[in-house]
Every structure is written in structure tokens, then in C-alpha cells.
Amino acid sequence: MTPSRIAYITILAKDLRAELRTLQSLPAMALFATTTFVIFRFGLDRTQLSGSLAAGVLWATLLFAALLGVNRLFVAEREEGGFDAIRLAPIDRSALFAAKATALFAYLFALELVVVPIFALFFLGSAAALGPLVIVLLLADLGIAATGTLISSMAVHSRARDLLGPLVLLPLVVPLMIAATGASEPLFAAGGVGYHRFGSWLAVLSLYDLIFLLLGWAVFDFLLED
Amino acid sequence: MEPGQATDEPALSLAGLRRDYGERTALDGVGLRLGRGETLLVLGPNGAGKTTLLRILATLLRPSSGEVQALGCSLPDEAWKLRGKIGFLGHEPLLYRDLSGRENLRFHARLHGLTGEPGEARIAELLAAVGMERRAEQHVAELSAGMRQRLAICRCVLHRPELLLLDEPDSNLDAEGRELARALIGPGAGRTRVIVSHDPERFEAEADQVLRLEAGGRAVAA
């Protein structure tokens, strides 16, 4: 196994172990998303949503829940010297980017395993859309993980990190959110699951993921310099 | 190269080293040569640039100007070649609070390519050397500052570095801890050491050279 792969697995395992022990990110993300769905349900006074409204409620909630995880992604590295420890090791620093992005991806997917069924229960007449929705969720999660990791690693060094992270991240993920809601909208159509322009939106999501994964891989080494 | 192996090339060579933080100068024209296996003691008041010097040698900071050679590597350009040959003990222990001592050392060992049985054996050896075997499974958050420092010393020497960069290595250690730490980071192992301290009497006898810095980061003539 190459040193980079060992470093990737080591950092990822450390993050997942710490999260399982402390539960600092996931429960907060899940609680936020569930509460938001409750607010939407009573705020909109609707028991069923469809089309663009359903897609908007789902993705706005998931995005803001994701911000909680993004904000905490590098907290241990900053507060406990993890950045220095990793910079002292003879490894490719991109392994840190890959490990953190994978950890965030795992948090998002775990979050969705819990809250998307709740969304379906609150707002959808059937669970038929959930199958194809998984593809949209996975592609969007990858994009949020890549962009979120990149922005979080920059914002964590700032005193205004809680503000700076979302301020920079939200405009960057606008194209991702447009594509995710565009792909989800026909799945939530009132007349049943549809696939109008579904493939095109998946292509946009994939392109976004590719760009930000490559960008993160390329610039992360420089971001860790003093 | 094995630690302490004789060579004409110095372990450290600094010339005109300068580091600025914005308009404030932390190091101003520092120069020295340190042979392999020798110990350099860096003294000076708070804000004299001692920690900055150590962090530059550890490749954690870039110099603003000047030449820095460490173990034959030119910094910052060849920092990637130097990492893995240095052991850095700073103000922070660089340990994750939610992991146990053993898990922390395993994390660092793997980052330095020490995996499997050799890695576990090295960790066990070091934990025994600092008297931490029975506390090894405790989370770092539950340990005293002295115990954390013992673990940090283990982390620092885990990968058998050729160059030790030690910032107040005795801090938080009791008499027993200092004695145990001495076996790992003290003189005699043939490693080159740079020690930063506020206490000249503690390390002066071990030092081959003493670098005195004054406020503003200038070296004071001995």
C-alpha cells in the first residue's frame, strides 16, 4: 500500500472513530434537518408536496444541515494540532483532503439515511421516488463534500470561521443545488415519478463534482502552507 | 544516514535567516552551523523568535529570507525530503483528545509509515519507556498535562528521527517524567538536537552551542 493511501485510511479512520465516540456532528445535523421538516410541514400547512416545491424543501434543508458538518470538519485539526501533525509527516497532504471529503460524504449519506425517509413520510404520497433519488443524493453529496472540505480548510484558520465558511460556500454550491433540485423535481412530480431532463441534471452534477474534486486535490497542498 | 554518522556536512546551516509576521520581525539575520549529533540550545526572552526558529526548522513555517539547510535539505524547497527525519516537540502535544494515547501514537506511526507489528512494537516500547503502559488506553482528554507531555515525547521520537526539535521539553514533567524523557530525547543517542528553553541552567551542560536571541529575533554575540 502506498504511503498516501495509508495516510488517507489513517486520517479517515481517525475522523470516523472520533465522530462515533463524540457524536459532535451527525446528531446535530439530523436534529436540524428533522426540525426544519417539521417547520416546513406546519409553516406551509401542507401534508403533501410535489415537483419543485418538494425538491426545494428537501435540498434547502439538506444543504443547511450539511453546513453544520462542514463547520466542524477541521475543528480537531485546528484545536488539537492535527494540521501540524499531518504537515510534519512525510505524506502527500492531498491525503488529508481526500480523507476529510470522504468523512463529510459519509456524514451526509448517514444523515440522509435518517432524514430522507422522514421527508418522504411528511411530504410524499409514496416512496417510489426514493430509489432514483439515491443517485441524485450521492452525486450532490460528493459535490458538497469536495467544496465543503476545500472551504472549511480555509475558513478554519479565520477567527470568523463560523461566518466565513457558509458565506463562501453557499454561492459556490448554487450550481450544485440548481442541478440537484432540477434532477429531483421530476422524481417528485404529482402524477408519479418522471425522468424529464433527469440525465442532463445528473451530468451537470457529475461535472461539478469532477471540477471541485480536481480543484481540491490540486490546491490543498498550498492551503496548508503557513 | 544513521543518526550520529560522521560526515563533513553540518546537520544545520543557517545564514541570514529572517522571518517577518507582517510588519513585525520575529527573526532577523540568524546564522549558525551545527554538526551532526550536536546539541544547540536556543535561549532568549519571550518574543525573541525561539519558537519561530524551531517551526521553520520543522518545515511548519517558511522563512521570509535567508538560507536554511537541515540534514542536507534546503528549506523550504526540499521540505518534503526533510519531513520524516525530524521529531518536533512544540508547545502543543499534537494529540487528539478523543483518542487514547495508544490510538494517537498508532495514528502518528502510520503517518510515518510504521504499520503492523513493527509499529505496535515501537509504540509498546515507547509507552513502557515513559511509564505510560497502564494509561495507554485512556483518552488524552482524561490525562494530566504531564502525562500528555510524556505521550508527546513518544510521538516525537516514534519514527526514530535524526533531528530533534524540542521546545521546552521538560514543561509539565515531574522529576520522574524528566528522567524518563531523558532516555528518549536526552544526549547520547547521537541525534542532532535543537532545544529551546527559558532555563539556561537546565540544558547548558548538554549543549555544544548556545544561540541567544534578543527581542526582535537578533542573535546576541556570546
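Here is a short tour of a sheet and some helices in chain B. This is a predicted model, in which local features need pLDDT of at least 70, side-chain atom pairs count only at pLDDT 80 or more, and totals for chains, interfaces and linings use all residues. Residues are numbered from 1 along each chain as its sequence is written, while chains are lettered from A and ligands numbered from 1 in the order in which they are written.

**The sheet**
- In chain B, 6 strands make an open sheet of mixed pairing, ordered E6-E7-E8-E3-E9-E10 (strands are DSSP E runs of at least two residues, helices H or I runs of at least four, numbered from the N terminus; two strands pair if DSSP finds at least two bridges between them).
- Strand E6 (86–89) and strand E10 (218–220) of chain B are at the edges with a single partner strand each, so one side of each has no neighbour in the sheet.
- From one strand to the next, the twist averages 20°.
- Strands E3 (residues 39–43) and E9 (residues 209–214) of chain B run parallel, joined by 4 bridges.
- Leu41(B) sits opposite Val210(B) in E9(B).

**The helix pair**
- Helices H3 (residues 101–111) and H5 (residues 145–157) of chain B pack at about 20°, their axes 10 Å apart (axes are lines fitted to C-alpha atoms, for helices over the stretch in contact, and angles run from 0 to 180 degrees between N-to-C directions).
- That makes H3(B) roughly parallel to H5(B), a term for angles under 35 degrees.
- Gly101(B), Asn104(B), Leu105(B) and His108(B) of H3(B) meet Leu151(B), Cys154(B) and Arg155(B) of H5(B) (contact means C-beta atoms, placed from the backbone, within 7 Å).

Technical notes:
Angles under 35 degrees count as roughly parallel, over 145 as roughly antiparallel, 65 to 115 as roughly perpendicular and the rest as oblique. Two residues are in contact if their C-beta atoms, placed from the backbone, lie within 7 Å.
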